[in-house]
Amino acid sequence: MVGALGVSQVAFLILAALTVLSALTVVVHRNPVHSAVALVSTLCLLALFFFALDAQLVAILQVIVYAGAIVVLFLFVIMLLNLQAQSRATGGPLLVAAATLGGVALAGLVVSGLGRAAAPPAAGVGAGFGETAALARELFTAYLLPFELTSLLLLVAIVGAVALAKKADG
Amino acid sequence: MAVDVAIAAAKALFIVLLVVQVMGLGVFFERKVSALIQDRIGANRAAIFGFAGLGLVNTLVADPIKFLLKEDVVPASSDRLLHSLAPILSLVPVLVTFAVVPFGDVLEVGGRVVNLQAAELSIGILYVLAMVSLGVYGVVLAGWASNSRWSLLGGIRGSAQMISYEIAMGLALIGIVLTYNTLDLQEMARAQGTLLWGWLPAWGILYQPIGFLIFMTAGIAESKRIPFDLPESESELVSGYFTEYSGPKHLMFMMSDFVEVVLVAALVTTLFFGGWQIPWLYRDGFHFPFGGAVALPSLAVAVLQVTSFALKLVFFTWLQIVIRWTLPRFRYDQLMRLGWQGLLPLALANVVVSALLIVLWSGRSA
């Protein structure tokens, strides 16, 4: 099938275009609520990519944690503060130039990195790849210590947030 | 290939039609059961082209037609795009959740074994949680985009409430996942076909009675109905987050409310009451524990199972509507206290106790 695109490639291209478009909307749109909605759509589209890569669990966790919880809290705060369309702070020509340079450099780095990357293994992934059981087994055997340390880190963050809130109270 | 696509489409169509039918029955209960509870007659006099002979059925037909024909008023100061998007974001996540709800075991037709579940996802229960958490956006955006204070207050209340009760709901589901050792709803429904002591069907309610209470409570809170209808609370906020909606969009919000009721009924049925199971009915017919067996063809078994699932669905829809017309509305602080200080610790304790019991009794390990 040289020359002709398969169904999955066409689907990938459409999804990729939509993802880039909604990611751009997040950055470019002046209204914070619209940006947040575009962020949700970006995250859901990324979840579809994980699905296409057989990583069902990662896909669904992406939706639950990021789209379903974190951005809802963003929106909640935006609503409470009743933010309207913002005029973007551009911050002078020097900052714009530096940001453009940084962006171009990052893009170059990504492209050159992709060029050097090793070709993906020809054989497909094994059965059970991306399934919850396989992922959980790795997580709770080989990566147990990092996993527990991460949860400790989150606990510290929660305790810190509660301490800050208490201090503000009285 | 074409046959597979046709089967998948047929299954998806079937579950959606089933849900819509049960939803219609839900509206029927809402009208007539509430009338019975309040000692009145209830809606009975809509006439379609002068014909009023069918009583309430006329009303059930006339209601959606009225909504569809009404003007769709969009407030001048609203955010037009998000105002239109909100009802869609409210209805779609609830409807697509039914994709993973099994409505029967298997059906053998023409040498094929069809799994009676629209989408076979090994992570089914997480998919349910993901879609439920996306449902918040409809409420939040409706509240914000309407640019009205009532809507905004309703939206803020709604999002805070839904986020709070999602946590208890998720923890109640962990108990169920621990019990069945799978995330697939069809596997869970099948596991409930085994017998305890040789005669008692091992339905989820026997293993997770507290999980059931937490899940049911959190589910009613997620569907934002009395006693948890503070996002709407018509006596103070007009109609809460969908105050500024009329016509078809208002219909979509009302529909998503009722579909949520059916969804809670479907999940309670599948997780705690055997799903499509009928006691002692297996793929080849009945095997009674007291002796005796009735052999049945695959089609008859499938029809019985789907009927059983539908009847359980209707029962739990009815139960939620009776609860809705029996209890008064909570105050907001009571709502938050119940969620965070009542259900959350209870659900956490339930997870710990369930895990301990499973390890000690069944000796299951990794």
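The model is predicted, so local features need pLDDT of at least 70 and side-chain atom pairs count only at pLDDT 80 or more, while totals for chains, interfaces and linings use all residues. Residues are numbered from 1 along each chain as its sequence is written, chains are lettered from A and ligands numbered from 1 in the order in which they are written, and side-chain values use heavy atoms, with hydrogens and water left out.

**Stop 1: chains A and B**

Select both chains. Here 25 residues of chain A are in contact with 26 residues of chain B (contact means heavy atoms within 4.5 Å). About 2,100 Å² is buried between chain A and chain B, and carbon and sulfur atoms give 78% of that area; buried area is the accessible area (1.4 Å probe) that two parts lose on being put together, summed over both. In chain A, next select A:Val72, A:Phe76 and A:Met79, which lose the most area to chain B, together 27% of what that side buries. Between chain A and chain B the count is 0 salt bridges (a side-chain nitrogen of Lys or Arg within 4 Å of a carboxyl oxygen of Asp or Glu).

**Stop 2: helices α3 and α5 of chain B**

Select residues 80-97 of chain B, helix α3, and residues 136-145 of chain B, helix α5; their axes come within 7 Å and cross at roughly 160°. This crossing makes α3(B) roughly antiparallel to α5(B) (angles over 145 degrees). Helices are DSSP runs (H or I, at least four residues), numbered from the N terminus. Axes are lines fitted to C-alpha atoms, for helices over the stretch in contact, with angles from 0 to 180 degrees between N-to-C directions.

Show the side chains next: the residues of α3(B) that meet α5(B) include B:Leu82, B:Ala86 and B:Leu89, and among their counterparts in α5(B) are B:Tyr137, B:Leu141 and B:Trp144.

**Stop 3: helices α9 and α13 of chain B**

Move to residues 209-222 of chain B, helix α9, and residues 332-362 of chain B, helix α13, whose axes come within 10 Å and cross at roughly 150°. The contact includes B:Ile210, B:Ile214 and B:Ala218 of α9(B), with B:Leu343, B:Leu346 and B:Asn350 among the residues of α13(B).

**Stop 4: a salt bridge in chain B**

Finally, select B:Glu30 and B:Arg324, which form a salt bridge with the closest N and O atoms 3.3 Å apart. B:Glu30 lies in helix α1 (residues 2-37) of chain B and B:Arg324 in helix α12 (residues 298-326) of chain B, so the pair ties together parts that are 294 residues apart in sequence. Over all chains, the structure holds 8 salt bridges.

Notes: Helix = DSSP H or I, 4+ residues; strand = E, 2+ residues; numbered from the N terminus. Parallel < 35°, antiparallel > 145°, perpendicular 65-115°, else oblique.
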